[in-house]
Amino acid sequence: MADTQPTVLEPVVAAGDGRRYLEPELETMSRAELEAFQQRRVLELVPEAYAHSGFYRELWSAAGVDPGRIRSLADFRRQVPTFTKKDVQAYRERTGDPFGGMLFGPPSELTSIMSTSGTTGDPELIPEIWDAYPPLQLCSARDLWEVGLRPGDKVLVSAGSFRGFYDTFYHGMGLVPIFVDTWIGKGEEIVQALMRFRPAYLQLMMPTVLELERLEHTYDIRNALSSLKGASFAGQPLGRALAAKVRDEWGVEMFTYSSAGDTGTCWECREHDGYHLWEDLVLAESLDPASGEATGAGAVGELVATDLDNRAAPLIRYRSGDLVRLDRQPCGCGRTHARQWVVGRCGEETTVGGVPVVLSEVWAAVESLPETKDGMFQIIRESAVVDRLRLRVGYEPARTADVTELGDRLRHAVLDRVGVEPDLVLVTVDDLLSRSSSVAKFPRVVKA
Amino acid sequence: MAAALTGPVSPLFGIGLYLDGDRQVPFDIGWAEFARDVRWASEVLAVWDIGRADHVLISTPNFEGPWASPVVRALRDRQVVHSNAEPYSWDVRRSATFLRLLPFRAFLGMSVETALGLVKQEDCAGPLAALAPLWARPEAIGPLRDAGLDPAVFAMLGPALGLECPQRSGAHVDPAEWRLAEGPAGITLSTAGDRAHVVRDLVVSRTARLDHTPCPCGLPGPRIRVVDPLPPLPAG
């Protein structure tokens with residue numbers, strides 16, 4: 001049963017698929033064209049949302065918004081209020097509507113209802129309407145093309161399915177899915193599948209990287225991975241030490257991706273200089289979390305996202321909680337869409353005895369020691385302001401002779417780098433990973 | 001972006017892996033056989049009267065696509081809404097959240113970890129009892145029955161999928177594609193249809209039994225009883 005999809009790629013395949021862009025006109029359109037497109041879409045979206053979404057009607061009415069007076073992107077940014085996940089939860093609790101008043105139509109018209117990772121609470125519903133390919137997967141098509149995947153390539157299927165199945169999308173890309181269990185604890189099976197099927201792509205997760213590292217004495221990992229055109233990596237960054245191992249020792253070009261403010265994903269291109277936000281799919285703003293004003297070029301702000309392609313329940317000026325830096329200058333790859341750098345999450349800042357502690361500095365200290373170079377740690381805290389810095393750090397037993405002595409060195413390393421002496425809880429990396437409640441996200445700040 | 005995708009160009013739907021003893025056996029799946037698997041899955045859904053606007057919760061990871069994808073495609077063809085949850089113990093909360101928030105008609109692929117987690121949650125009792133069917137993996141059937149539920153079997157039998165009908169008298173497989181037989185080592189599975197991968201006398205269960213009597217649901221072929229059926233209720 002072949003999907004009866006448009007076949008505009010066939011000439012590209014026949015010509016040897018040397019083209020860098022999947023959709024060149026869209027990926028390289030000028031800033032003026034992009035903004036014109038966004039404005040057109042936003043001006044359709046606003047009256048539609050007001051007419052069909054109880055949540056937006058209530059939120060906007062309270063803010064005195066008259067949809068008829070939104071006539072430009074500038075009007076939209078000036079008049080339409082932002083909202084957070086908590087606002088939707090409050091609407092849901094008040095009305096009993098499981099979709100928090102966000103749905104544009106009856107639930108029976110949905111194709112699927114997925115959910116968020118639930119890293120910090122109960123998963124939130126993500127209603128979807130789609131024809132051929134699920135939306136989260138589809139929005140990575142340009143990115144996988146940039147990785148170098150071309151019709152006929154084999155790919156190992158991703159492990160987690162809670163955001164939807166991948167096979168239909170891979171088929172749409174002309175790829176051949178290999179249905180191998182790549183879940184945590186399956187490192188050896190993954191290596192064997194790599195050797196047997198010689199795939200062009202797989203998605204790596206932190207636990208998988210650590211498992212492959214442990215298998216280095218048994219298998220030639222570099223050789224096993226040598227068929228890959230690239231690998232993706234989701235969630236928190238790997239950390240410098242592990243990223244260098246994957247790139248330099250194993251020879252794998254790794255493409256990290258992140259959330260595009262819960263509207264989809266944004267990926268690195270081959271320049272590895274920020275994550276591309278596809279601005280024909282999302283309108284991205286960076287706002288000062290305190291004042292709500294737009295941040296200047298290059299300044300860190302909260303990503304506020306508006307879904308431009310969501311037919312079920314679009315987010316409109318949604319405060320994602322992601323602290324990012326945005327750059328709308330064209331990338332070295334030639335694409336004109338904005339890039340973002342994820343700096344952290346709102347609320348992750350911790351002040352210890354009056355000293356601000358930055359996650360990246362703790363990270364650098366932890367991965368500076370060979371036993372903890374995997375950079376696996378969590379800040380344990382009750383609130384953002386604490387008296388003591390409590391760290392749970394994962395060590396690799398095979399590299400650790402004396403845990404007490406490691407604790408002494410690590411305490412000094414953190415003090416030197418961060419300026420605060422930590423209280424340490426040392427556990428094995430496996431133990432630490434087993435506490436993670438998500439497929440891809442490893443929470444760096446957890447409650448005591 | 002969908003318009004930029006070429007669609008399948010490979011002759012294969014994909015390559016799966018099944019276990020023969022402790023050996024992993026790869027199996028190619030062609031498009032024609034996938035289409036037939038979808039058609040059979042749709043017949044099973046019709047027997048359960050699952051159709052437009054129903055909502056099904058699916059708990060199969062991506063690597064179980066060779067077994068689950070035909071059902072997922074059949075659900076989409078029948079305009080059924082679907083949601084996904086992982087089958088692992090750490091993701092029980094997702095299944096529970098879905099069941100609490102939305103009215104589900106059916107569940108596909110419940111694992112024993114999920115079953116054990118859900119039956120402990122009082123507010124899931126009603127939604128679980130309303131599932132028709134609650135297709136569960138064989139090892140989850142016991143705990144669900146112990147909780148007073150009436151699950152139906154979802155079984156991956158080598159490369160074949162087995163699903164129970166409302167009679168719950170054993171899992172059906174598509175007899176046009178697979179032949180089940182009693183062998184000296186147990187129940188075996190062999191390829192009957194025109195499939196890319198041919199399997200001969202693969203032992204899929206050492207303890208199951210076959211029921212060759214015609215099933216009142218109307219689906220053809222024998223059923224494989226990988227889990228003993230519940231004893232009939234006493235008369236009166």
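Reader: What makes α3(B) oblique to α4(B)?
Author: The axes of helix α3 (residues 92-101) of chain B and α4(B) cross at roughly 55° and come within 9 Å. Angles under 35 degrees count as roughly parallel, over 145 as roughly antiparallel, 65 to 115 as roughly perpendicular and the rest as oblique, so α3(B) is oblique to α4(B). The axes are lines fitted to C-alpha atoms, for helices over the stretch in contact, with angles from 0 to 180 degrees between N-to-C directions. Helices are DSSP runs of H or I with at least four residues, strands are runs of E with at least two, and both are numbered from the N terminus.

Reader: Which residues make that contact?
Author: Val92(B), Ser95(B) and Ala96(B) of α3(B) meet Glu113(B), Thr114(B), Gly117(B) and Leu118(B) of α4(B); contact requires C-beta atoms, placed from the backbone, to lie within 7 Å. By class, this contact has 3 nonpolar, 3 polar and 1 charged residues. Here Ala, Val, Leu, Ile, Met, Phe, Trp, Tyr, Cys and Pro count as nonpolar, Asp, Glu, Lys and Arg as charged, and the others, Gly among them, as polar.

Reader: Before we go on, how should I read the numbering and the model itself?
Author: This is a predicted model, in which local features need pLDDT of at least 70, side-chain atom pairs count only at pLDDT 80 or more, and totals for chains, interfaces and linings use all residues. Residues are numbered from 1 along each chain as its sequence is written, while chains are lettered from A and ligands numbered from 1 in the order in which they are written.

Reader: How do α1(B) and α2(B) pack?
Author: Helix α1 (residues 31-47) of chain B packs on helix α2 (residues 65-77) of chain B at about 65°, and their axes are 8 Å apart. Among the residues that meet are Phe34(B) and Leu45(B) in α1(B), and Pro70(B) and Leu75(B) in α2(B). The contact of α1(B) with α2(B) has 8 nonpolar, 1 polar and 3 charged residues.

Reader: Why is Gly394(A) called buried?
Author: Gly394(A) has 22 other C-beta atoms within 10 Å. A residue is buried if 20 or more lie within 10 Å of its own C-beta, exposed if 12 or fewer, and partly exposed in between, with C-beta atoms placed from the backbone; Gly394(A) is therefore buried. Gly394(A) is found in strand β18 (residues 389-395) of chain A. Gly394(A) touches residues including Thr372(A), Phe377(A) and Leu432(A). From Gly394(A) to Leu432(A) is 38 residues in sequence and 6.0 Å in space, C-alpha to C-alpha.

Reader: And why does Phe37(A) count as partly exposed?
Author: Phe37(A), in helix α3 (residues 31-52) of chain A, has 16 C-beta neighbours inside 10 Å, so Phe37(A) counts as partly exposed.

Reader: How do you know that the buried residues of α6(B) are on the same side?
Author: In helix α6 (residues 138-146) of chain B, the buried residues include Ala140(B), Ile141(B) and Leu144(B). They cover an arc of only 115° around the axis, so they are on the same side of α6(B); the arc is that of the directions from the helix axis to the C-beta atoms. The buried residues of α6(B) pack against β5 (106-110), α4 (112-119), β6 (134-136) and β7 (152-157) of chain B.

Methods: Two residues are in contact if their C-beta atoms, placed from the backbone, lie within 7 Å. Lists of a residue's contacts leave out its neighbours within four places in sequence.
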